[in-house]
Amino acid sequence: MPSMPSAWSGMNWIAGGAGAAVLLPLLAIGVGMPFWAAGLISVVAGGGVVALLAPRKMFEGLDASGAARGKIEFARELLTDAEPLAIRLEVAVSTIRTKKVAERVRHLAKTSREIFAGVEEEPLRIDRVRRFLTYYLPRAADLAEAYAVLEKSGGRDPARLATTSDLIDRLDTAFTHYAANLQEADLDNLDVELKLLKSSLDEDLGPSALPAPSDPDKRRA
């Protein structure tokens, strides 16, 4: 996803301040420049670093109004909320001991990034992946972390590990399907498959076993 993660949103200011702090004594002491002049140059240089490293706002180059503008804002909100979920998947890869499952989770994270990029390229397609962003991606992050916890628990439950692994596999299939069909208008068959997957998740893990993601309709209100 081209935009920098939100976790780095203040790093440009830190880098700019650090650069100015280093440059000031170099100019004032090392070069012998008057302190006021060295201070002015340091401030200007630090400001340049701040501007250079400033995180780019998603869709900033798009010119839209009315309903399109509202949809772009909605897409920006969903992608901003989805970014930490993709990071959770990427982190979970290093905590899962079973190589096959770790590779599957890595693919989930990679596919998520591809979907993010597709939406950022054309934010008006956000409705086609809204369910993915607001339900299946959070579930995938929860399942990946749950699997790592199950592996490390003292009384390991092979049956539950196998069930969780199977659900991760099925989520991977759904992710791949969403990525492949992002540009297609008809996702009715996929919606049916994902409803069945939801039923399986709730039946096998229980509706309270994992935190439920927020209702996207409430988010728009």
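## Touring the aromatic pairs

Select F175 to begin: F175 is buried, having a relative accessible area of 0% (buried means under 20%, exposed over 50%, partly exposed in between; 1.4 Å probe, protein chains only). This is a predicted model, in which local features need pLDDT of at least 70 and side-chain atom pairs count only at pLDDT 80 or more, while totals for chains, interfaces and linings use all residues. Residues are numbered from 1 along each chain as its sequence is written, and side-chain values use heavy atoms, with hydrogens and water left out.

Three aromatic pairs are present in the structure (Phe, Tyr or six-membered Trp rings with centres within 6.5 Å; planes under 30 degrees apart are stacked, over 60 edge-to-face, the rest tilted). F132 belongs to helix 5 (residues 126-152) and F175 to helix 6 (residues 158-180), so the pair ties together parts 43 residues apart in sequence (helices are DSSP runs of H or I, at least four residues, numbered from the N terminus). F132 is buried, at a relative accessible area of 0%.

Next, select Y135 and Y136, an edge-to-face aromatic pair with 4.9 Å from centre to centre and 80° between the planes. Y135 is buried at 11% relative accessible area; Y136 is buried at 0%.

Keep Y135 displayed and show R131, whose charged end sits over the Y135 ring, 5.6 Å from the ring centre (NZ of Lys or CZ of Arg within 6 Å of the centre and within 35 degrees of the ring normal).

Finally, select F132, F175 and Y178 together: ring pairs link these residues into a cluster.

Methods. Helices (H or I, at least four residues) and strands (E, at least two) are DSSP runs, numbered from the N terminus.
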